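Hello,

Please find the structure we discussed below.

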Amino acid sequence: MQLLNRINQLVKNQQFLFGLFLCMLILPNVFMVYTEPTPLLTRVVNVLLPLGAYWLCMSWFRKPGWAFWALFLFIFFDAFDIVLLHLFGEGPVAVDMFLNVATTNVTEVDELLSNLLLSVVFVFVVYGGGMVLAVISVKNKEELSRLFLGVQRKLALLILIPALILLGVNYAVDKKFRLLDHIFPVNTCYNLLLSGERYLDGLNYDKTSSGFVYHAVNERPDSLPEVYVLVVGETLRADNMGIYGYERNTTPRLDSLQSELVVFHDAITMSNTTHKSVPLLLTPVASESWDSLYTQRGIITAYKEAGYQTAFYSNQRRNKSFIDALGCEAHESKFVKDDVPMGESVSDEELLKLLDARLAACHEGKLLVVLHCYGSHFNYRDRYPAANARFKPDEIISADKQYRQELVNAYDNTVLFTDNLLARIIEQVKAKNVVSAVMFTSDHGEDIYDDERGRFLHASPMPTYYQLRVPLLVWASEQYRAAYPEKWGALTSHRDLPVSTNLVVFHTMLDMSGITVPQLRGENALSSQQFVAAPRRYVTDHNEYVSITDCGLKQQDVAAFSAHHLSYK
């Protein structure tokens, strides 16, 4: 009873709440002292500057509860960031993370949060409890005295003024330091504004690109039947594919097709997020500036101009992103989840049915089909039929490191399912008995607690080797190999060179099809003798193209590149 009385007294004590709310506000910054790979001075400033600012702001409110609600945006950022720190181990709330929230469906959010209970419960207790205490503070008749608040202002200035001096010193000694990048929550506020701008740019894409024309020319006779299929996978990393040397036989059907496949062993993506990687795959943006994405159309439009019938089939939900717009450029576009209740899983096999019907309807002429799978996206267990599970146990109790084996088993079952899917796609195209080809790659990879960092999932502020290395495969029919041996020979000769998928897919698909556009670059087309392995780049959270050596990879990632004999530059 005495304990309850003591707690009741603290809850009603405005001075206690003042200190408690201040601690809540600065909590993520304290965590970042241990998580951020920044110089010590930057980490010190990242604590002192926000602490002084919060303290000074709170000192102008007679009731701490009002200060809590006035600073609620920062409370929200704090809670968001703590969950992400638990998930990714570092970094503020990035632009791409805000865009992920805007372009991720409710099902994905539910699948993720239900498996991150520890951090979710923590922020709910801390900041949810803070909301309750703030209401109690507001309703409390007692107010903080002017004397107390005056002392707090002086203390705040004693912290804030030295912090501002250290901020200037930081700019002087660290050329890479930027307030908008390295000080939380300033960086998060800035990222929120940028994400809003980009989201609106995406919504206006139809207008800003409406007058774009590729002036595509088909170098091959219209009478020659041709079929090309581009398959974009989801969250599939090459390291878990048997065809890439994985110890488990997760790709038995692709293995049986090796004589008809070109497997590019050293392929990486330029982005670890779907909403960025897929537009890079479907446009020439990777070889231009990112902003050119807003003013030009995608690969489907180029094929349409060249006289092809086009189709885009997706097993992902519409989310008002560039992917939706690029897909809807096709003569026929279908998102198979349009009529499916939210929360219900749909198999990628639905794409097979659509492809089969489209191929059957194409009796002659030229056809391009783009398939966007859901592949290996978490929750892995929902991506394949239970009866097809080869690797067990695969029931995921929680997305926690202690259940890594179950996570890996379920993930490998998704790879096995994708292997069967790709083989069946190839069989369908092969049955047409025409000049044809299938290209497959994934948007990005995935972390599955692969090393001591304990990283999980993808789309982290800083990528990892496991999020970057992806498969890239090309199958061509016997008719294609006979008609264009120089194209097939070029593909084969380039199979061991370092490749950035986002840089080569657009150019390779057009070059293989004999379509020319002003944007086509032979040095980026794997099927061209002009191909040159370009220095590897990564598209940052702020859409800047940087060398892969400057994208935040750690020594564990460099070691993984080396262990797999892959190029790091």
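**Salt bridges**

D511 has a relative accessibility of 12% and therefore counts as buried. One thing to keep in mind throughout is that this is a predicted model. The partner of D511 is K487, and their side chains form a salt bridge with 3.0 Å from N to O. The two residues sit in distant parts of the chain, 24 residues apart: D511 belongs to helix α22 (residues 501–513) and K487 to helix α21 (residues 485–493). K487 is also classed as buried, at 15% relative accessibility.

A search of the whole structure gives 24 salt bridges. Another of them joins the side chains of R237 and D450, at 2.8 Å from N to O. R237 is in the loop between β2 (226–233) and α13 (252–255), while D450 is in the loop between β9 (447–448) and β10 (456–457), so this pair ties together parts that are 213 residues apart in sequence.

R381 is buried, its relative accessible area being 17%.

Finally, E90, R455 and K554 belong to one network, joined by salt bridges that share partners.

**Aromatic residues**

There are 27 aromatic pairs in the structure. One of them is Y465 with Y466, an edge-to-face pair whose centres are 5.0 Å apart and whose planes are at 85°. Y465 and Y466 are both buried.

Y480 and Y484 make a tilted pair, with 5.2 Å between the centres and 55° between the planes. Y480 and Y484 are both buried as well. Which aromatic cluster do Y480 and Y484 belong to? They form one cluster together with Y228, Y303 and Y308.

Two charged side chains are placed over tryptophan rings. R153 lies over the face of W60, 3.8 Å from the ring centre. K276 has its charged end over the ring of W290, at 5.8 Å from the centre.

**The sheet**

The structure contains an open sheet of 7 strands with mixed pairing, in the order β3-β11-β8-β2-β7-β5-β6. Its edge strands are β3 (261–263) and β6 (332–335), each of which pairs on one side only. From one strand to the next, the twist averages 10°.

Strand β5 (residues 309–314) is largely enclosed by the rest of the structure, because 5 of its 6 residues are buried. Which strands does β5 pair with, and in what sense? β5 runs parallel to β7, joined to that strand by 6 bridges, and β5 also pairs in the parallel sense with β6, over 4 bridges. S314 takes part on both sides: its bridge partner in β7 is H372, and in β6 S314 stands opposite F335.

**Where to look**

- the cluster of Y228, Y303, Y308, Y480 and Y484;
- S314, with H372 as its bridge partner in β7 and F335 opposite in β6.

Regards

How values were computed. Residues numbered from 1 in each chain as written. Predicted model: local features only at pLDDT ≥ 70, side-chain atom pairs only at ≥ 80, totals over all residues. Heavy atoms only, no water. Phe/Tyr/Trp six-rings, centres within 6.5 Å; stacked < 30°, edge-to-face > 60°. Buried < 20%, exposed > 50% of the residue type's maximum accessible area, 1.4 Å probe, protein only. Lys NZ or Arg CZ within 6 Å of the ring centre and 35° of its normal. Salt bridge = Lys/Arg side-chain N within 4 Å of Asp/Glu carboxyl O. Pairing = 2+ DSSP bridges. Axes fitted to C-alpha atoms, helices over the stretch in contact; angles between N-to-C directions.
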